[in-house]
Amino acid sequence: MYVCLCTGVTDREIREAAENGITSMRQLGKELGVGRQCGRCACTAREILRESRTSDYLSMANLLAHPA
Ligand code: FES
């Protein structure tokens, strides 16, 4: 799904950026240009970034709680 229409950035690209260490909207703007033009995508992009970080945290916590 397109999140930022101004730059053509998708939710997948934002999740990939989060996996590659992007943690803030400022970094996301620098890296992909998200939120740097009209700004309408900022809330959605921020939410996707936050969800990505939360799912990473939950995966790690689950791994630590239940080692193989
Ligand atoms: S939709 Fe992202 S800056 Fe306009």
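Helices, of at least four residues, and strands, of at least two, are DSSP runs numbered from the N terminus. On that basis this predicted model has a secondary structure that comes to 3 helices and 2 strands, and along the sequence these elements follow the pattern β-β-α-α-α. The C-alpha atoms fill a box of roughly 45 × 20 × 15 Å, taken along the principal axes. Of the 68 residues in the protein, 22% are buried, and among contacts between residues at least 6 apart in sequence, 46% join residues at least 24 apart.

**The nonpolar core**

- The largest nonpolar core has 14 residues, of which V3, I14, L28, V34 and A45 touch the most other members.
- At least two residues of this core come from each of strand 1 (2-4), helix 1 (11-19), helix 2 (25-32) and helix 3 (42-65).
- A45 is in contact with V3, C4, I14, M25, L28, V34 and G35, when residues up to four places away in sequence are not counted.

- The buried residues of helix 1 are I14, A17 and A18, and they lie on the same side of the helix because they cover an arc of only 100° around its axis.
- In general, an α-helix has 3.6 residues a turn, so residues three or four places apart point the same way.
- R12 and E19 are exposed on the other side of helix 1.
- After helix 1 comes G21, whose phi is positive, near 105°.

**Individual residues of helix 1**

- A18, which has its place in helix 1, counts as buried because 20 C-beta neighbours lie inside 10 Å, and 20 or more is the number required for a buried residue.
- Leaving aside residues up to four places away in sequence, A18 touches L49, S52 and R53, while its C-alpha atom is separated by 16 Å from that of C43, 25 residues apart from A18 along the chain.
- R15, also placed in helix 1, is partly exposed because 16 other C-beta atoms lie within 10 Å, a number in between the limits of 12 or fewer for exposed and 20 or more for buried.
- The contacts of R15 are with I48 and S52, again not counting residues up to four places away in sequence, and the C-alpha atoms of R15 and A42, 27 residues apart along the chain, are separated by 14 Å.
- E19, for its part, belongs to helix 1 and is exposed, because it has 11 other C-beta atoms within 10 Å, where 12 or fewer count as exposed.
- Between the C-alpha atoms of E19 and R53, which are 34 residues apart along the chain, the separation is 8.2 Å.

**How helix 1 meets helix 2**

- Two packed helices are in general described by the angle between their axes and the distance between the axes.
- For helix 1 and helix 2 the packing angle is about 115° and the axes are 11 Å apart, which means that helix 1 is roughly perpendicular to helix 2.
- The crossing of helix 1 and helix 2 is right-handed.
- At this meeting of the two helices, E13, I14 and A17 are the residues from helix 1, and L28, E31 and L32 are those from helix 2.
- I14 and L28, which take part in this meeting, are also among the core residues that touch the most other members, and both are contacts of A45.

**The loop between helix 2 and helix 3**

- G39 lies in the loop that runs between helix 2 and helix 3, and it counts as partly exposed because it has 13 C-beta neighbours inside 10 Å.
- Although G39 and C4 are 35 residues apart in sequence, they are 8.5 Å apart in space, C-alpha to C-alpha.

Definitions and conventions: Residues numbered from 1 in each chain as written. Predicted model: local features only at pLDDT ≥ 70, side-chain atom pairs only at ≥ 80, totals over all residues. Core = buried A, V, L, I, M, F, W, Y, C linked by C-beta atoms within 7 Å. Contact = placed C-beta atoms within 7 Å. Arc of directions from axis to C-beta. Axes fitted to C-alpha atoms, helices over the stretch in contact; angles between N-to-C directions. Parallel < 35°, antiparallel > 145°, perpendicular 65-115°, else oblique. Left-handed = near helix turned anticlockwise from the far one by under 90°.
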